[in-house]
Amino acid sequence: MRAPAKLALYAAALAAVFAVSFGAGRVLVPQSVVDDWNHQSTVSDHGTEPKGDESGHR
């Protein structure tokens, strides 16, 4: 098998694995966990909402 064909096959397999993993994550991880994660990422170290362009990251 030539290199371009191998690379195309590898890329297709990688895309398929990514799609299956993404789908499994959407099915297995409850929406409440996602919401809590998103809320936690917007809260700074002191438990307050960031103001202006403060991202809460140090």
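Student: How many helices and strands does the chain have?
Tutor: The secondary structure of this predicted model consists of 2 helices and 0 strands. Helix α1 covers residues 3-28, and helix α2 covers 31-42.

Student: What percentage of the residues count as buried?
Tutor: Of the 58 residues in the chain, 2% count as buried.

Student: And how much accessible surface does the chain have?
Tutor: The accessible surface is about 5400 Å², and carbon and sulfur atoms account for 65% of that area.

Student: Which residues make the nonpolar surface patch?
Tutor: The patch is made by V27, L28, V29, V33 and V34, and its area is about 450 Å². Both α1 and α2 give two or more residues to this nonpolar patch.

Student: Take V27, then. Where does V27 lie, and is V27 buried or exposed?
Tutor: V27 lies in helix α1. Its relative accessible area is 67%, so V27 is exposed, the cut-off being over 50%.

Student: Changing topic: how many aromatic pairs does the structure hold?
Tutor: The structure holds 1 aromatic pair. The partners are F18 and F22, whose ring centres are 6.4 Å apart.

Student: Why is the pair of F18 and F22 stacked?
Tutor: The planes of the two rings are at 20°, so the pair is stacked; the criterion is an angle under 30 degrees.

Student: How many residues apart are F18 and F22 in helix α1?
Tutor: They are 4 residues apart in helix α1, so about one helical turn separates F18 from F22.

Student: Is F18 buried or exposed?
Tutor: F18 counts as exposed, because its relative accessibility is 59%.

Definitions and conventions: Residues numbered from 1 in each chain as written. Predicted model: local features only at pLDDT ≥ 70, side-chain atom pairs only at ≥ 80, totals over all residues. Heavy atoms only, no water. Phe/Tyr/Trp six-rings, centres within 6.5 Å; stacked < 30°, edge-to-face > 60°. Buried < 20%, exposed > 50% of the residue type's maximum accessible area, 1.4 Å probe, protein only. Areas by Shrake-Rupley, 256 points an atom, 1.4 Å probe, with all protein chains shown as cover. Patch = residues over 30% accessible without salt bridge, like charges linked within 9 Å, V, L, I, M, F, W, Y side chains within 5 Å. Salt bridge = Lys/Arg side-chain N within 4 Å of Asp/Glu carboxyl O.
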